[in-house]
Amino acid sequence: MTRTSSIPGVAALMVAHCAGMVDLVALPVWVGTLIGRYGLDPQQAGLLATLFLAGAVVASSALAPVFHRVSWRLVATAGFAVAAGSFWWASGSAAFSTLALCHALAGMATGAALSVTHGTIARSAHPHRLFAGVGAALGVFAVVFLGATPPLVERLGGPVLFVVFAGVMAVAAVVSLLAFPVPDRALGPAHEDAAPAPMPRAVWFGIAGIAGMGLVQSMTFSFLERVGTERGFGLAAITGVLVALGVVNLFPAALAGALERRWPARRVLLAGPVLQALLVVVIMNSARFEPYAAAASVFAAVMIFTHTFAFGLLAQLDRSGRALAATPAMLMTGAAIGPILGGTLVKGFGYGALGVAALLIGACALASFLRLPAPAAPRQPQGQA
């Protein structure tokens with residue numbers, strides 16, 4: 001039986017996290033391809049991405065309450081396999097209705113697999129540290145994906161993007177089948193009965209804050225490539241920015257892991273929404289390449305760093321793992337709204353409107369994080385109850 005403390009178990013969780021969080025890496029290329037290669041307007045392209053993310057929300061919300069009763073390996077394997085098939089189907093059609101159905105199916109399947117992945121991490125002996133590790137793996141994946149995929153799409157056309165997605169999901173399905181782990185910490189009788197104790201109230205404020213940051217993340221990230229293209233920065237320069245973004249993403253999760261007991265989590269969570277919103281203002285309003293490139297290259301890192309601290313804190317507040325099995329729901333509830341909201345704002349008011357929206361949503365996220373308990377920096381290993 002594979003454990004989360006074993007090398008195969010950690011590797012399987014890394015692969016599952018990278019596949020399940022593909023939207024965090026791929027949205028600029030995803031939406032940009034739908035607009036540039038499939039001829040969709042920003043609102044239509046945003047809607048397809050929203051269907052994927054909304055499907056993940058639905059699946060995660062349904063699965064999280066019964067996380068302690070399902071077979072984690074079976075759900076992860078089946079979820080990624082169905083997602084692979086859905087993306088392969090999407091690669092063979094340009095019809096909007098077919099693409100919409102494929103996006104929704106892939107989102108639901110991915111959300112189910114990602115729920116059991118994050119719930120398993122939350123039940124590990126050191127959830128903050130392990131989540132930092134899978135986050136660092138996502139950074140490596142981002143470098144490879146963002147460096148290789150845009151040139152492939154340029155040479156071979158839009159459908160190759162969905163072939164790449166299908167391949168990523170297929171690999172995750174195989175790895176999950178072979179090595180998906182069980183948690184190191186037993187669930188215990190308190191979490192095995194039919195009516196588990198309700199989650200602490202503070203957890204809901206943390207979920208709301210992360211959802212708000214997820215909304216700003218996806219709303220902005222979806223149009224990161226397009227705003228650069230429409231300002232004439234050029235494919236080579238924008239691809240360079242995306243690669244730089246991927247390289248930067250190698251570090252925030254590992255840094256968050258190293259600072260786990262040095263920086264109070266609550267302070268990190270209060271700073272995250274503010275910095276994120278300010279970066280959006282720069283990205284969406286800069287007419288010069290240099291400020292755009294600098295802000296864009298660190299934009300995703302803010303979310304990764306902040307969410308790692310949020311994950312560790314919420315794992316402390318709710319030991320059952322149910323809250324963090326709903327991580328896809330908390331991230332993607334906001335993220336699901338982001339592409340369609342961003343597309344609507346861009347279509348109606350231009351890219352600058354995204355900066356205004358980011359400031360307003362960031363203020364709401366900040367207000368939610370202010371309701372979290374103050375003693376949020378653990379001074380002892382998180383495996384201790």
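Visitor: Is Ala166 buried or exposed?
Guide: Ala166 counts as buried because its relative accessibility is 6%; buried means under 20% relative accessible area, exposed over 50%, and partly exposed in between, with a 1.4 Å probe and protein chains only. This is a predicted model, in which local features need pLDDT of at least 70, side-chain atom pairs count only at pLDDT 80 or more, and totals for chains, interfaces and linings use all residues. Residues are numbered from 1 along each chain as its sequence is written, and side-chain values use heavy atoms, with hydrogens and water left out.

Visitor: Where does Ala166 lie?
Guide: Ala166 belongs to helix 7, residues 159-179; a helix is a DSSP run (H or I) of at least four residues, numbered from the N terminus.

Visitor: How far apart are Ala166 and Trp88?
Guide: In sequence, Ala166 and Trp88 are 78 residues apart, while in space they are 5.5 Å apart, C-alpha to C-alpha.

Visitor: On another topic, what about Met108: where does it lie?
Guide: Met108 is in helix 5. Met108 counts as partly exposed, because its relative accessibility is 35%.

Visitor: How much space lies in the largest pocket?
Guide: The largest pocket holds about 250 Å³ of space, a volume being the space filled by probe spheres set on grid points joined across faces, edges and corners. A pocket is an open set of points on a 1 Å grid over the protein atoms alone where a 1.4 Å probe fits, with protein on both sides within 12 Å along at least five of seven lines; lining residues have an atom within 4 Å of a point.

Visitor: Which helix gives the most to that lining?
Guide: Helix 2 does, with five residues.

Technical notes: Helices (H or I, at least four residues) and strands (E, at least two) are DSSP runs, numbered from the N terminus.
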